Structures are given as structure tokens and as C-alpha cells.
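Hi,

Here is the structure I promised to pass on to you. Have a look at it first, and then read on for my notes.

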Amino acid sequence: MSGGWKALAPLRDRTFRTIWLASLASNFGQLVLGVAAAWEMTRLGQSAEMIALVQTALMLPLMLVSVPAGAIADMFDRRKIALIGLCFASACACVLTLLSVAGLASPWTMLAFCFLIGCGVALYTPAWQASMVEHVPVRQMSAAVSLGAVSYNIARSFGPALGGLIVMTVGATAAFGLNALFYLPLIAAFLMWKRPHVPPRLPPERIDRAIISGLRYSLHSPPVRSVILRSLAFGLASGVVIALLPLVARDMLHGDASTYGLLLGAYGVGAVIGALTVSDLRERIRPEITVRVGIVVMGLMMLVIGTSHHLALTSLALVIIGACYLLVLALFNVSIQTSVPRWVVARSVALYYASASGGMAFGSWMWGAMAAGYGADSAMLAAGVMTLALPVLFLPLPLPETGIAAIDPAPVDGELQVGLAISGRSGPIVVEVDYRVDPADARAFYGKMVQIQTAKMRNGAFEWTIARDIGDPALWTERYHFPTWQDYLRHRDRLTTADRALQAEVDAFSSLKSDDRVRRRLERPMGSVRWRAETPDPGGDNVNVFGP
């Protein structure tokens, strides 16, 4: 199958195709909103910093809302969460339109509603991104992620130019109304999606614990940590392009709203080209090499824009930047989705979006402030130099190359022998595991146990330790905690095939093989004894304490 057909393969799924087509309209409306707000700021004579804040207002919610949104998407029905986010964004867009009709849409009002609409989109995005695997095979994930970007950038190719035309002919109010209207097809597409209900084995986590679980997984997962840090730095540098394009159009090219729309269209065309090549490039070239080359080329094109006063040359540079930008972010996204297990995928994607959009939001403000003091050309040149330095800064943070099979859920072990009348809220739980290891293998065993520590802690364990018996040097004891019995059951459910394989490597060092070497204990020395087993638990958790 040729690269072009591979890129379109996910569209064979009817639901994915319907949502993808509907997303074209919503993306068009979102871009028209950004164009209208940014150019209205320009028309009102606002400063470069205020104009750049439009991009900040649209992107900042992805940093602030994405993490709790990802936790909610992992806890509840992702279809319903996506619908709630879209309906909220549409409602806010309607209110902004009414305020504009009434003449009450001041610059700060526009920024506030751009932020609120962005919050709705931020609630929708992790839920949909984490749902893609329900529609397409895992081997097509890179194509599915890229098609999502294609949808956005097809809209970007034509939407901004038409958006600029709408603003020039009928005003910003009509553009705000169009944004509200264009969410409706996507809402209808999600209403038509008949997502099968799969009852969870365990009750959902509390939102605070779900967020903490996602953060701890990312903290103890080198692949996720690497992508998050890289996307943050990349967003910080690349935020200059969209944020300062109105100033490039007005001050460097001496154009109007239509010029701004054409520049955004050139950027969008490049992004579509980049999206259609992601799957093929990922198979032919290591993603790390593609990312480094894309960032260097993007930095060079920023330098071109910072020195150009010709529409054709600036547009060509934006086409190349658009292609490189899409390639880099799509590869970051695919790296996240193919290196984390499904139980935490929405939270990991949300953290990725939060880091990338947070970098862009802060970068937009930073470059806008620089442009206000030194001009758009100086800010663009400075951002280009920073972008060229990123590949060197990224050397200690390679992209993950985890195999898909390694993140598949592992079969849960057999029934647990439970003699106490405990419930899901009972705790803390302490787990101890004994190993008898030949002293000659102690160093190799300890190295594997360090890896076990990372795996256990990213799956929910706390206070992990490994101890060696002073009197019997062959005896080692692993010890770790869980806040509640339910947290321990979640830990068992979260283990992947890679975790099981690592545990098997550790167990191969030990001569102890029986289940007696594992001890699970309720650590609550005072006020925890139930004198009658029939006493109900006040929390009311109905958790199967005997495992699967």
C-alpha cells in the first residue's frame, strides 16, 4: 500500500470517517474565531502583546484543563465527555456572538470567551484522542493521529482566508456566529456514535486520585517524560509563528486581513502535506531523525520570515514551517499513544497537549512582548535561533520506541486469599515479596530491581524499598504501599506484558518460587479492627476483594 493510501486507511471505519468529516466544520469555525478575534484586535489598534494574547487565550485551556479532562476521560464514557466539551464550546460561542451583536465585545471580553471556548475544546480533545484506538487498528494509529491534524489543517488552508474575507465584508460578529454554528455537525456525529458499554471491573477513581495517578505514571515513565519536556520546549519556540502572523501581515508585508488569511492558508497547506507523509516517513525513517530535521528546517524558515518583506517568499516559508510543525507534533502524539497502556492513555495525551499548548501559550505572550518592544522581525529571528538550538537540547531525551505489544494488558493473576473482612476503602496495604538470590548475582539482581521500582511506582505503588538481610545475604525483601485495597486491585489490573516480562526476569534470579514469599498486609494498628465481620463499611464500596 502506497504512503498516500496508508494515510487514508482509518477513514474506512464509518464512525471515524463521520467524526473526521464533521471535525472539518468545527475546525473551520475555530480558526475563523481566531482570525476574527486577532484581526479585530488589530483593527482596534491594540498592542502587539494584546494581539498575541488571542493565541494564548485559545491555547492556555489546553494546558490548564487537559489534565483533569484526561482523567475524566479515563474514568467515564469518553463519548459523553467529548459531547459535554463540544456543547460547552458551542454555548460560549453563542454568548460571544450575542455580546458582539449588542456591542459589548471589548478586547478583554473577546479574550475571555476565546479562553472559555478553548476550555470546551480542551475537555473534548483527550476524550476523542483516546477513543481513536476503538475505531482503527493500533498499526494505523499514526495515520489516524495524522488525519486528525489533516482535518485541522485543511480548515486552516482555506478557513483563515475566508475568515479574513468574512471579517472584511460582514464583520467579526458574523465570524463569531459562524464559529458557534460549525460545532453542530460534530455534536451530531458524536450523538450518532453507538459506543458499546463495557462495565469496568472496579469503581472509577476519584478525580483527584485519577489526576495524581496520571501524573505519577508520567513522572515514572521515561518515554512520556521525554515527550512532555520536548513538546513544552517546542511549543515555546514555535508559538511565535501563529501569534505574530497578524503583525507580519500588517507591519512587514503591509497587508490587510486578506493577507493574514493567505499566510495562514499557506501554513495550513504545508501542514496538510506534512500530515499525509507522517505514516510513510515513520516507517522509512526513525522518528527521532525526522523530528530533528523538521525542527532545524523550521528554525531556518523562521529566520527567512524574520527578514522577508515579500508575500511570496514568506508564504513559501510558511508552507515549509507548516509541514515541519505537523510532522513533529504528530510524531510526538503517536509516540505517546503507542508507549502507554490504555488505562492511562487519555491522561498521557492530555499531559502532552498541556505541555505543548502551555509552551505555545507562554511563547505567544513572550514573543508578543518582544515584538511590542523590538518589532515582529526581531521576535521571529530570536525564535528561529531558539528553534535551531532545540535538537541539541533534546539529545538526552530520545523519543520512545516501545513496541505496541509491550503495553498490552497482562492477564491478572489468580484469586487472592483474603481472610479479613476488608472493603475497597480499607488500607493502607503493605506488600512484601521475598527473593533468595545467589550473592554472585546480587549486582545484576539489584539492577533489575531498580527497573521494577519504576514499573511499580508508575502503576500506583508508594514508598517502594528493597532490603537485604544482614544475617542471610542471599535473602532480599521488596516492600511497597498502597493507600487502599482498591488501589492495590487497580495496580494488579494495570500491569502490562512488559511489566510481567520484567518481573519474570527478576524472579529468574530467585530460588523462592511459591506464593508464600508474597505477603499482603493491612497496616492500621489502631482503630481498624472490625469486631464483627458483618459490620458494613461506611464507604459502601462493592469491590471484589478476591481478584478476578
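Which residue lies over the face of Phe462? It is Arg216, at 3.9 Å from the ring centre. Please keep in mind as you read that this is a predicted model.

Now to the aromatic pairs, which come to a count of 15. One of them joins Phe234 and Tyr325: the ring centres are 5.7 Å apart and the planes meet at 25 degrees, so this pair is stacked, the limit for that being under 30 degrees. The pair links distant parts of the chain, with Phe234 in helix α11 (residues 222–252) and Tyr325 in helix α14 (residues 311–337), 91 residues apart. Both Phe234 and Tyr325 are buried.

Tyr325 also pairs with Tyr267, this time in a tilted arrangement, with 6.0 Å from centre to centre and 50 degrees between the planes. Here too distant parts of the chain are linked, since Tyr267 belongs to helix α12 (residues 257–284) and Tyr325 to helix α14, 58 residues apart. Tyr267 is buried, as is Tyr325.

Elsewhere among the aromatics, Phe16, Tyr124, Trp128, Phe190 and Trp193 make up one cluster.

Next, the nonpolar cores. The largest has 121 residues, and the members that touch the most others in it are Phe190, Phe234 and Phe332. Helix α11 gives the most to this core, with 15 residues. If you set aside neighbours within four places in sequence, Phe234 is in contact with Ile295, Met298, Tyr325, Val328, Leu329, Phe332, Leu390 and Phe394. A second, separate core is made of 24 residues, including Val433, Tyr435, Phe445 and Trp464.

Finally, a word on Phe115, which sits in helix α6 (residues 107–131). Is Phe115 buried, exposed or partly exposed? With a relative accessible area of 26%, Phe115 falls between the 20% and 50% limits, so the residue counts as partly exposed. Beyond residues up to four places away in sequence, Phe115 touches Ala57, Leu60, Pro61 and Leu64. For one of these, Ala57, the C-alpha atom is separated from that of Phe115 by 4.6 Å, although the two residues are 58 apart along the chain.

Best wishes

Terms used
Residues numbered from 1 in each chain as written. Predicted model: local features only at pLDDT ≥ 70, side-chain atom pairs only at ≥ 80, totals over all residues. Heavy atoms only, no water. Helix = DSSP H or I, 4+ residues; strand = E, 2+ residues; numbered from the N terminus. Buried < 20%, exposed > 50% of the residue type's maximum accessible area, 1.4 Å probe, protein only. Contact = heavy atoms within 4.5 Å. Phe/Tyr/Trp six-rings, centres within 6.5 Å; stacked < 30°, edge-to-face > 60°. Lys NZ or Arg CZ within 6 Å of the ring centre and 35° of its normal. Core = buried A, V, L, I, M, F, W, Y, C linked by side-chain atoms within 4.5 Å.
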